[in-house]
Amino acid sequence: MSVQRGVENRLLPPSAWTSAFVAAAIGFGATVPLVALALHGLGATVAQAASAITALCLAISAASAITSIRLRMPVTFGWSTPGAALLAAAAPTVGWQAIVGAFVAAASMNVVLASVPPLDRLAGRIPKQVSSALLAGVLLPFCLAFFGAAGARPLLVAAVLLVFLAFRHRATRYAIPAAMCAGLVLLVLRGDVAPPPSGVSATGLILTTPILSPAAVVAIGLPLFLVTLASQNLPGVVVLRAAGYDPPARALLLCAGVASLAAAPFGGHAVNLAAVTSAICTSEDAHPSHERRWVVGVIYGGFYGMFGLFSPTLVHLFLAMRPEVLAVLTGVALLPALVTSLEGSLDGGGDRDAAIVTLLATASGFTLFGLGAAFWGLVSGLAATMLARLATRRRSSRSL
(Lines give C-alpha, C1' and ligand atoms only; values in the text may rest on other atoms or scores of the structure.)
Protein backbone atom coordinates (compact mmCIF):
# COMPACT_ATOMS: atom_id res chain seq x y z
CA MET A 1 0.00 0.00 0.00
CA SER A 2 2.79 2.45 0.86
CA VAL A 3 4.48 1.81 -2.51
CA GLN A 4 1.17 2.44 -4.32
CA ARG A 5 0.65 5.69 -2.44
CA GLY A 6 4.18 6.79 -3.32
CA VAL A 7 3.52 6.16 -7.01
CA GLU A 8 0.22 8.08 -6.80
CA ASN A 9 1.96 11.03 -5.17
CA ARG A 10 4.50 11.15 -8.03
CA LEU A 11 1.85 11.01 -10.72
CA LEU A 12 0.22 14.23 -11.81
CA PRO A 13 -3.55 14.22 -11.36
CA PRO A 14 -5.60 15.54 -14.29
CA SER A 15 -6.73 18.41 -12.07
CA ALA A 16 -3.16 19.78 -12.03
CA TRP A 17 -3.29 20.20 -15.81
CA THR A 18 -6.83 21.54 -15.98
CA SER A 19 -6.33 24.00 -13.10
CA ALA A 20 -3.10 25.32 -14.62
CA PHE A 21 -4.75 25.68 -18.03
CA VAL A 22 -7.84 27.44 -16.65
CA ALA A 23 -5.68 29.82 -14.59
CA ALA A 24 -3.44 30.66 -17.54
CA ALA A 25 -6.39 31.00 -19.94
CA ILE A 26 -8.18 33.36 -17.56
CA GLY A 27 -5.09 35.47 -16.92
CA PHE A 28 -4.25 35.71 -20.61
CA GLY A 29 -7.57 35.68 -22.41
CA ALA A 30 -9.54 37.92 -20.08
CA THR A 31 -7.34 40.99 -20.46
CA VAL A 32 -5.25 40.62 -23.62
CA PRO A 33 -7.57 43.07 -25.46
CA LEU A 34 -6.95 45.68 -22.78
CA VAL A 35 -3.17 45.25 -22.94
CA ALA A 36 -3.17 45.45 -26.74
CA LEU A 37 -5.41 48.52 -26.68
CA ALA A 38 -3.28 50.24 -24.02
CA LEU A 39 0.01 49.70 -25.82
CA HIS A 40 -1.43 50.72 -29.18
CA GLY A 41 -2.88 53.86 -27.61
CA LEU A 42 0.55 54.80 -26.28
CA GLY A 43 2.01 54.76 -29.76
CA ALA A 44 3.04 51.13 -30.30
CA THR A 45 2.49 49.72 -33.75
CA VAL A 46 0.58 46.46 -34.13
CA ALA A 47 3.90 44.63 -34.46
CA GLN A 48 5.31 46.33 -31.34
CA ALA A 49 2.17 45.53 -29.33
CA ALA A 50 2.42 41.89 -30.38
CA SER A 51 6.10 41.89 -29.43
CA ALA A 52 5.23 43.27 -26.00
CA ILE A 53 2.62 40.60 -25.30
CA THR A 54 4.92 37.85 -26.52
CA ALA A 55 7.71 39.14 -24.27
CA LEU A 56 5.32 39.33 -21.31
CA CYS A 57 4.14 35.74 -21.89
CA LEU A 58 7.71 34.43 -22.07
CA ALA A 59 8.73 36.35 -18.94
CA ILE A 60 5.66 35.10 -17.06
CA SER A 61 6.36 31.55 -18.21
CA ALA A 62 9.98 31.59 -17.05
CA ALA A 63 9.28 33.36 -13.75
CA SER A 64 6.43 31.02 -12.80
CA ALA A 65 8.30 27.82 -13.65
CA ILE A 66 11.64 28.80 -12.08
CA THR A 67 10.23 30.14 -8.80
CA SER A 68 7.82 27.21 -8.42
CA ILE A 69 10.69 24.74 -8.82
CA ARG A 70 13.10 26.59 -6.53
CA LEU A 71 10.62 27.42 -3.76
CA ARG A 72 8.56 24.20 -4.03
CA MET A 73 5.30 26.14 -4.02
CA PRO A 74 2.85 27.03 -6.82
CA VAL A 75 3.99 30.56 -7.64
CA THR A 76 2.21 32.15 -10.58
CA PHE A 77 2.97 35.45 -12.28
CA GLY A 78 0.93 37.51 -14.74
CA TRP A 79 0.93 40.87 -16.42
CA SER A 80 -0.40 43.91 -14.60
CA THR A 81 -4.05 44.32 -15.56
CA PRO A 82 -4.51 47.48 -13.45
CA GLY A 83 -1.28 48.75 -14.97
CA ALA A 84 -2.67 48.17 -18.45
CA ALA A 85 -5.84 50.04 -17.50
CA LEU A 86 -3.68 52.88 -16.21
CA LEU A 87 -1.78 52.99 -19.49
CA ALA A 88 -4.96 52.89 -21.55
CA ALA A 89 -6.22 55.94 -19.68
CA ALA A 90 -2.99 57.87 -20.12
CA ALA A 91 -2.68 60.68 -22.64
CA PRO A 92 0.65 60.06 -24.42
CA THR A 93 2.80 63.17 -24.74
CA VAL A 94 6.06 61.36 -25.52
CA GLY A 95 7.19 58.81 -28.09
CA TRP A 96 7.19 55.02 -27.82
CA GLN A 97 10.87 54.92 -26.83
CA ALA A 98 10.16 57.16 -23.84
CA ILE A 99 7.17 54.96 -22.92
CA VAL A 100 9.46 51.92 -22.96
CA GLY A 101 11.88 53.90 -20.81
CA ALA A 102 9.07 54.44 -18.29
CA PHE A 103 8.45 50.67 -18.26
CA VAL A 104 12.15 50.10 -17.54
CA ALA A 105 12.00 52.68 -14.74
CA ALA A 106 8.92 51.03 -13.17
CA ALA A 107 10.63 47.62 -13.26
CA SER A 108 13.79 49.13 -11.76
CA MET A 109 11.72 50.63 -8.93
CA ASN A 110 10.41 47.15 -8.18
CA VAL A 111 13.93 45.70 -8.09
CA VAL A 112 15.14 48.49 -5.80
CA LEU A 113 12.11 48.07 -3.54
CA ALA A 114 12.83 44.35 -3.15
CA SER A 115 16.53 44.99 -2.51
CA VAL A 116 16.23 47.73 0.13
CA PRO A 117 14.21 46.76 3.25
CA PRO A 118 13.47 50.36 4.41
CA LEU A 119 11.86 51.14 1.05
CA ASP A 120 9.76 48.01 1.38
CA ARG A 121 8.41 49.29 4.70
CA LEU A 122 7.92 52.81 3.30
CA ALA A 123 5.83 51.53 0.39
CA GLY A 124 3.74 49.57 2.86
CA ARG A 125 2.81 52.81 4.64
CA ILE A 126 0.71 54.06 1.73
CA PRO A 127 -2.86 53.77 3.08
CA LYS A 128 -4.69 50.75 1.68
CA GLN A 129 -7.79 52.84 1.04
CA VAL A 130 -5.82 55.36 -1.03
CA SER A 131 -4.15 52.68 -3.16
CA SER A 132 -7.49 50.93 -3.66
CA ALA A 133 -9.13 54.23 -4.62
CA LEU A 134 -6.32 54.91 -7.11
CA LEU A 135 -7.05 51.59 -8.78
CA ALA A 136 -10.81 52.22 -8.69
CA GLY A 137 -10.32 55.61 -10.32
CA VAL A 138 -8.26 54.03 -13.10
CA LEU A 139 -10.85 51.29 -13.73
CA LEU A 140 -14.05 53.35 -13.43
CA PRO A 141 -13.94 55.06 -16.86
CA PHE A 142 -13.54 51.68 -18.59
CA CYS A 143 -16.49 50.17 -16.74
CA LEU A 144 -18.59 53.23 -17.54
CA ALA A 145 -17.58 52.91 -21.19
CA PHE A 146 -18.89 49.35 -21.11
CA PHE A 147 -22.41 50.61 -20.43
CA GLY A 148 -21.87 53.66 -22.63
CA ALA A 149 -21.39 51.32 -25.58
CA ALA A 150 -25.00 50.13 -25.15
CA GLY A 151 -26.18 53.04 -27.30
CA ALA A 152 -24.35 51.65 -30.32
CA ARG A 153 -24.25 47.93 -29.38
CA PRO A 154 -27.27 47.18 -27.16
CA LEU A 155 -27.45 43.48 -28.04
CA LEU A 156 -23.73 42.94 -27.48
CA VAL A 157 -23.74 44.70 -24.10
CA ALA A 158 -26.86 42.84 -22.95
CA ALA A 159 -25.53 39.43 -23.99
CA VAL A 160 -22.12 39.95 -22.40
CA LEU A 161 -23.60 41.32 -19.19
CA LEU A 162 -26.17 38.53 -18.82
CA VAL A 163 -23.55 35.81 -19.31
CA PHE A 164 -21.21 37.55 -16.90
CA LEU A 165 -23.83 37.83 -14.16
CA ALA A 166 -25.04 34.26 -14.67
CA PHE A 167 -21.55 32.84 -14.26
CA ARG A 168 -20.72 35.15 -11.32
CA HIS A 169 -23.44 33.42 -9.31
CA ARG A 170 -22.57 29.86 -10.32
CA ALA A 171 -18.96 29.68 -11.48
CA THR A 172 -17.21 32.92 -10.53
CA ARG A 173 -13.79 32.14 -11.95
CA TYR A 174 -15.22 31.49 -15.41
CA ALA A 175 -17.39 34.62 -15.54
CA ILE A 176 -15.00 36.83 -17.52
CA PRO A 177 -13.86 34.23 -20.09
CA ALA A 178 -17.46 33.09 -20.62
CA ALA A 179 -18.69 36.66 -21.11
CA MET A 180 -15.91 37.46 -23.55
CA CYS A 181 -16.50 34.24 -25.49
CA ALA A 182 -20.20 35.10 -25.71
CA GLY A 183 -19.34 38.52 -27.06
CA LEU A 184 -16.90 37.16 -29.63
CA VAL A 185 -19.35 34.48 -30.79
CA LEU A 186 -22.06 37.10 -31.24
CA LEU A 187 -19.71 39.32 -33.22
CA VAL A 188 -18.73 36.45 -35.50
CA LEU A 189 -22.35 35.40 -36.08
CA ARG A 190 -23.30 38.96 -37.00
CA GLY A 191 -20.28 39.31 -39.29
CA ASP A 192 -19.17 42.25 -37.21
CA VAL A 193 -15.46 41.53 -36.92
CA ALA A 194 -13.44 43.90 -39.09
CA PRO A 195 -10.48 42.45 -41.02
CA PRO A 196 -7.05 42.98 -39.43
CA PRO A 197 -4.78 45.74 -40.70
CA SER A 198 -3.08 44.75 -43.93
CA GLY A 199 0.60 44.94 -44.68
CA VAL A 200 1.70 44.72 -41.04
CA SER A 201 3.74 41.86 -39.70
CA ALA A 202 3.25 41.13 -36.03
CA THR A 203 5.66 38.24 -35.66
CA GLY A 204 8.73 38.04 -33.46
CA LEU A 205 10.19 40.21 -30.72
CA ILE A 206 11.03 43.81 -31.53
CA LEU A 207 13.73 45.44 -29.42
CA THR A 208 13.14 49.12 -28.64
CA THR A 209 15.92 51.28 -27.28
CA PRO A 210 14.47 52.95 -24.17
CA ILE A 211 14.78 56.68 -23.57
CA LEU A 212 14.49 57.88 -19.98
CA SER A 213 12.18 60.89 -20.06
CA PRO A 214 11.60 62.42 -16.60
CA ALA A 215 8.05 63.38 -17.56
CA ALA A 216 7.24 59.84 -18.72
CA VAL A 217 8.83 58.27 -15.64
CA VAL A 218 6.79 60.47 -13.29
CA ALA A 219 3.53 60.35 -15.24
CA ILE A 220 3.62 56.68 -16.26
CA GLY A 221 6.45 54.77 -14.58
CA LEU A 222 5.74 55.78 -10.98
CA PRO A 223 1.94 55.24 -11.06
CA LEU A 224 2.47 51.94 -12.92
CA PHE A 225 4.86 50.75 -10.23
CA LEU A 226 2.57 51.78 -7.35
CA VAL A 227 -0.63 50.39 -8.86
CA THR A 228 1.05 47.08 -9.66
CA LEU A 229 2.58 46.83 -6.20
CA ALA A 230 -0.62 47.60 -4.31
CA SER A 231 -3.12 45.71 -6.45
CA GLN A 232 -1.12 42.73 -7.72
CA ASN A 233 2.17 41.97 -5.98
CA LEU A 234 1.08 42.38 -2.37
CA PRO A 235 -2.24 40.49 -2.83
CA GLY A 236 -0.27 37.75 -4.61
CA VAL A 237 1.85 37.22 -1.50
CA VAL A 238 -1.29 37.21 0.66
CA VAL A 239 -2.90 34.49 -1.48
CA LEU A 240 0.14 32.24 -1.10
CA ARG A 241 0.15 32.73 2.66
CA ALA A 242 -3.57 32.00 2.86
CA ALA A 243 -2.91 28.70 1.08
CA GLY A 244 -0.52 27.63 3.84
CA TYR A 245 2.81 28.60 2.24
CA ASP A 246 5.52 30.88 3.58
CA PRO A 247 6.66 32.82 0.52
CA PRO A 248 9.76 35.04 0.71
CA ALA A 249 8.04 38.28 -0.26
CA ARG A 250 11.16 40.25 -1.15
CA ALA A 251 12.53 37.42 -3.32
CA LEU A 252 9.24 37.20 -5.22
CA LEU A 253 9.12 40.98 -5.70
CA LEU A 254 12.69 40.84 -6.98
CA CYS A 255 11.76 38.09 -9.42
CA ALA A 256 8.80 40.14 -10.67
CA GLY A 257 11.08 43.14 -11.13
CA VAL A 258 13.72 41.15 -13.03
CA ALA A 259 11.05 39.59 -15.27
CA SER A 260 9.64 43.06 -15.94
CA LEU A 261 13.11 44.35 -16.81
CA ALA A 262 13.57 41.48 -19.25
CA ALA A 263 10.24 42.21 -20.99
CA ALA A 264 10.41 46.02 -20.94
CA PRO A 265 12.83 46.56 -23.87
CA PHE A 266 10.42 44.58 -26.04
CA GLY A 267 7.46 46.73 -24.91
CA GLY A 268 6.21 44.70 -21.93
CA HIS A 269 4.75 47.02 -19.31
CA ALA A 270 4.94 44.94 -16.10
CA VAL A 271 5.13 41.39 -14.75
CA ASN A 272 3.76 40.79 -11.26
CA LEU A 273 2.60 38.12 -8.86
CA ALA A 274 -0.82 36.82 -9.80
CA ALA A 275 -3.69 36.86 -7.31
CA VAL A 276 -6.85 35.41 -8.89
CA THR A 277 -5.00 32.79 -10.91
CA SER A 278 -2.82 32.02 -7.91
CA ALA A 279 -5.94 31.15 -5.92
CA ILE A 280 -6.81 28.56 -8.59
CA CYS A 281 -3.35 26.97 -8.63
CA THR A 282 -2.91 26.88 -4.84
CA SER A 283 -6.24 25.21 -4.01
CA GLU A 284 -6.68 21.55 -3.11
CA ASP A 285 -8.70 21.15 -6.30
CA ALA A 286 -5.51 21.75 -8.28
CA HIS A 287 -3.47 19.05 -6.50
CA PRO A 288 -4.39 17.07 -3.38
CA SER A 289 -0.82 17.13 -2.05
CA HIS A 290 0.29 20.40 -0.49
CA GLU A 291 3.94 19.42 -0.92
CA ARG A 292 3.59 18.46 -4.61
CA ARG A 293 1.33 21.33 -5.63
CA TRP A 294 4.30 23.33 -6.89
CA VAL A 295 4.15 21.38 -10.15
CA VAL A 296 0.93 23.24 -10.99
CA GLY A 297 2.94 26.47 -11.14
CA VAL A 298 5.38 24.85 -13.56
CA ILE A 299 2.58 23.63 -15.84
CA TYR A 300 0.99 27.10 -15.65
CA GLY A 301 4.26 28.59 -16.86
CA GLY A 302 4.34 26.13 -19.74
CA PHE A 303 0.87 27.13 -20.88
CA TYR A 304 1.82 30.81 -20.82
CA GLY A 305 4.78 30.04 -23.04
CA MET A 306 2.39 28.40 -25.51
CA PHE A 307 0.01 31.37 -25.42
CA GLY A 308 2.89 33.64 -26.37
CA LEU A 309 3.05 31.88 -29.75
CA PHE A 310 -0.51 32.99 -30.55
CA SER A 311 -0.20 36.58 -29.34
CA PRO A 312 0.50 38.15 -32.78
CA THR A 313 -2.74 36.77 -34.19
CA LEU A 314 -4.73 37.88 -31.17
CA VAL A 315 -3.26 41.38 -31.24
CA HIS A 316 -4.22 41.70 -34.91
CA LEU A 317 -7.75 40.55 -34.09
CA PHE A 318 -8.41 42.88 -31.17
CA LEU A 319 -6.81 45.98 -32.66
CA ALA A 320 -8.93 45.51 -35.77
CA MET A 321 -12.12 45.70 -33.73
CA ARG A 322 -14.22 48.84 -33.58
CA PRO A 323 -13.75 51.07 -30.49
CA GLU A 324 -17.17 50.34 -28.96
CA VAL A 325 -16.57 46.58 -29.27
CA LEU A 326 -13.25 46.87 -27.47
CA ALA A 327 -14.95 49.01 -24.82
CA VAL A 328 -17.39 46.16 -24.14
CA LEU A 329 -14.71 43.45 -23.97
CA THR A 330 -12.32 45.44 -21.78
CA GLY A 331 -15.05 46.87 -19.55
CA VAL A 332 -16.52 43.50 -18.57
CA ALA A 333 -13.03 42.15 -17.86
CA LEU A 334 -12.46 44.94 -15.31
CA LEU A 335 -15.81 44.80 -13.47
CA PRO A 336 -14.64 42.36 -10.73
CA ALA A 337 -11.48 44.39 -10.13
CA LEU A 338 -13.57 47.57 -9.82
CA VAL A 339 -15.82 45.95 -7.21
CA THR A 340 -12.82 44.79 -5.17
CA SER A 341 -11.07 48.15 -5.34
CA LEU A 342 -14.21 50.08 -4.38
CA GLU A 343 -14.70 47.80 -1.38
CA GLY A 344 -11.08 48.37 -0.35
CA SER A 345 -11.31 52.14 -0.74
CA LEU A 346 -14.38 52.40 1.52
CA ASP A 347 -13.48 49.68 3.99
CA GLY A 348 -13.61 51.39 7.40
CA GLY A 349 -10.73 53.38 8.83
CA GLY A 350 -10.20 57.11 8.81
CA ASP A 351 -8.98 57.53 5.24
CA ARG A 352 -12.34 57.51 3.45
CA ASP A 353 -12.20 61.20 2.56
CA ALA A 354 -8.72 60.76 1.14
CA ALA A 355 -9.93 57.72 -0.79
CA ILE A 356 -12.81 59.66 -2.32
CA VAL A 357 -10.46 62.50 -3.32
CA THR A 358 -8.08 59.97 -4.90
CA LEU A 359 -10.86 58.17 -6.77
CA LEU A 360 -12.44 61.33 -8.21
CA ALA A 361 -9.15 62.95 -9.18
CA THR A 362 -7.94 59.77 -10.88
CA ALA A 363 -11.22 59.05 -12.67
CA SER A 364 -11.46 62.64 -13.95
CA GLY A 365 -8.73 61.97 -16.48
CA PHE A 366 -7.29 65.49 -16.32
CA THR A 367 -3.68 66.29 -17.22
CA LEU A 368 -1.63 69.03 -15.58
CA PHE A 369 2.00 69.98 -16.37
CA GLY A 370 2.17 66.95 -18.64
CA LEU A 371 1.33 64.58 -15.76
CA GLY A 372 -1.73 62.34 -15.91
CA ALA A 373 -4.67 61.96 -13.55
CA ALA A 374 -3.29 58.82 -11.89
CA PHE A 375 -0.28 60.75 -10.59
CA TRP A 376 -2.38 63.68 -9.36
CA GLY A 377 -4.91 61.31 -7.85
CA LEU A 378 -2.18 59.71 -5.76
CA VAL A 379 -0.73 63.09 -4.78
CA SER A 380 -4.18 64.40 -3.82
CA GLY A 381 -4.96 61.30 -1.77
CA LEU A 382 -1.67 61.38 0.12
CA ALA A 383 -2.07 65.11 0.78
CA ALA A 384 -5.61 64.57 2.10
CA THR A 385 -4.33 61.76 4.33
CA MET A 386 -1.56 63.92 5.77
CA LEU A 387 -3.97 66.81 6.46
CA ALA A 388 -6.45 64.49 8.18
CA ARG A 389 -3.79 62.97 10.41
CA LEU A 390 -2.31 66.38 11.22
CA ALA A 391 -5.78 67.60 12.27
CA THR A 392 -6.25 64.48 14.41
CA ARG A 393 -2.94 65.08 16.19
CA ARG A 394 -3.83 68.71 16.90
CA ARG A 395 -7.17 67.70 18.38
CA SER A 396 -5.42 65.10 20.53
CA SER A 397 -2.85 67.61 21.78
CA ARG A 398 -5.59 70.13 22.67
CA SER A 399 -7.54 67.55 24.61
CA LEU A 400 -4.44 66.86 26.69
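Mentor: Contact here means heavy atoms within 4.5 Å. This is a predicted model, where local features need pLDDT of at least 70, side-chain atom pairs count only at pLDDT 80 or more, and totals for chains, interfaces and linings use all residues. Residues are numbered from 1 along each chain as its sequence is written, and side-chain values use heavy atoms, with hydrogens and water left out.

Trainee: What does Ala63 touch, not counting residues up to four places away in sequence?

Mentor: Phe77, Cys255 and Ala259 are the residues that Ala63 touches on that count.

Trainee: Is Ala63 buried or exposed?

Mentor: Ala63 is buried, at a relative accessible area of 5%; buried means under 20%, exposed over 50%, partly exposed in between (1.4 Å probe, protein chains only).

Trainee: Where is Ala63 found?

Mentor: In helix 4. Helices (H or I, at least four residues) and strands (E, at least two) are DSSP runs, numbered from the N terminus.

Trainee: Switching to rings: how many aromatic pairs are there?

Mentor: The whole structure has 10. Rings of Phe, Tyr and Trp (its six-membered ring) pair if their centres lie within 6.5 Å; planes under 30 degrees apart are stacked, over 60 edge-to-face, the rest tilted. Phe28 and Trp79 are tilted, because their planes are at 45°, with centres 5.4 Å apart.

Trainee: Which parts does that pair tie together?

Mentor: Phe28 lies in helix 2 (residues 14-29) and Trp79 in strand 1 (residues 77-79), so the pair links parts 51 residues apart in sequence. Both Phe28 and Trp79 are buried.
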